[in-house]
Amino acid sequence: MKFVRGTAQELINWQKTEGYGFPVVAIVDNLNPLDIADVMKDGGAVNIIQRPAMDKQLVETVGRYARPGRTMLLLHDELIPRQSEAFAVIERAIRNIAATDVNAVIFGECGSGKEQIAKEIYRLSSRSQKPCTVIEAGGAALVGNHDPANLRSEVLNRMEGYFKKADGGTIIIKNVQLLNFEKQSVLLHILENEHPNVRVICTADPELRRMVSEKTFRPNLFYILRPVDITVPSLREVTEDIVPLSDYFLTHFIS
């Protein structure tokens, strides 16, 4: 629902007044912390999605609240078997990266299985018995509650909290290209100055490389996050994987 004259807050206020309990997902142009806290408080919106991340997050978010009979098809965490040589190369890269402790970036288009690859690296690594925290860079996860008495950046407080939670383990940052410049700076500060005992694996659209060259994504942060990388080809580039993928979905999702 798009508001021309009204706001999401007005919808939520009306919803509460009328006693309706349907979940509301608010899509915003900018993640203003004060607005987000207001829209989500007291059982308001169940989630906030930044407009640039809408294509990636909306299906996943709606899938959490859809009725059981209409649940969206969501991928499991395990790697889906494929037969192309390109995927064999990716599997070897996964094992090689998992055997080290370096950060990594997984490049690929939306829906190419980047998060599954990141989680497979975690599962095969020496950190697999420690926590794995998944953060959506374009969502509300990195926006903390405003505390006027605290002079520290709320983004810093929230991000440090995730690193403490994942101590000894892994943080997966999905769609890292959606981090705004403030969050990039905070992440860089933590990695450069606090040296947390956490491996960071990021997923990213191919446009991240262009953003680095155009300085809209901090190059120094990019090089810390990407000692190694994996590029996942689109399905149109590896058509031999269509049949095994189809068989997988037929087996797991068609009753």
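**A network of salt bridges**

Modeller: In this predicted model, Glu115, Lys119 and Lys174 are linked in a network of salt bridges.

Consider Glu115 with Lys119. The closest N and O atoms of this salt bridge are 3.0 Å apart. Both residues belong to helix 5, where four residues, about one turn of the helix, separate them.

Glu115 also meets the side chain of Lys174 in a salt bridge, with an N to O distance of 3.2 Å. This second pair links distant parts of the chain, since Lys174 lies in strand 5 and Glu115 in helix 5, 59 residues apart.

The surroundings of the network may be described next. Lys119 and Glu115 are both buried. For Glu115 the relative accessibility is 18%, and because buried means under 20%, this residue counts as buried. Lys174 has a relative accessible area of 10% and is therefore buried.

The side chains of Arg236 and Glu109 meet at 2.6 Å, N to O. Arg236 lies in the loop between strand 7 and helix 10, and Glu109 in the loop between strand 3 and helix 5, so this pair ties together parts that are 127 residues apart in sequence. Arg236 counts as exposed, at 62% relative accessibility, whereas Glu109 is partly exposed, with a relative accessible area of 35%.

Methods
Residues are numbered from 1 along each chain as its sequence is written. This is a predicted model: local features need pLDDT of at least 70, side-chain atom pairs count only at pLDDT 80 or more; totals for chains, interfaces and linings use all residues. Side-chain values use heavy atoms; hydrogens and water are left out. A salt bridge is a side-chain nitrogen of Lys or Arg within 4 Å of a carboxyl oxygen of Asp or Glu. Helices (H or I, at least four residues) and strands (E, at least two) are DSSP runs, numbered from the N terminus. Buried means under 20% relative accessible area, exposed over 50%, partly exposed in between (1.4 Å probe, protein chains only).
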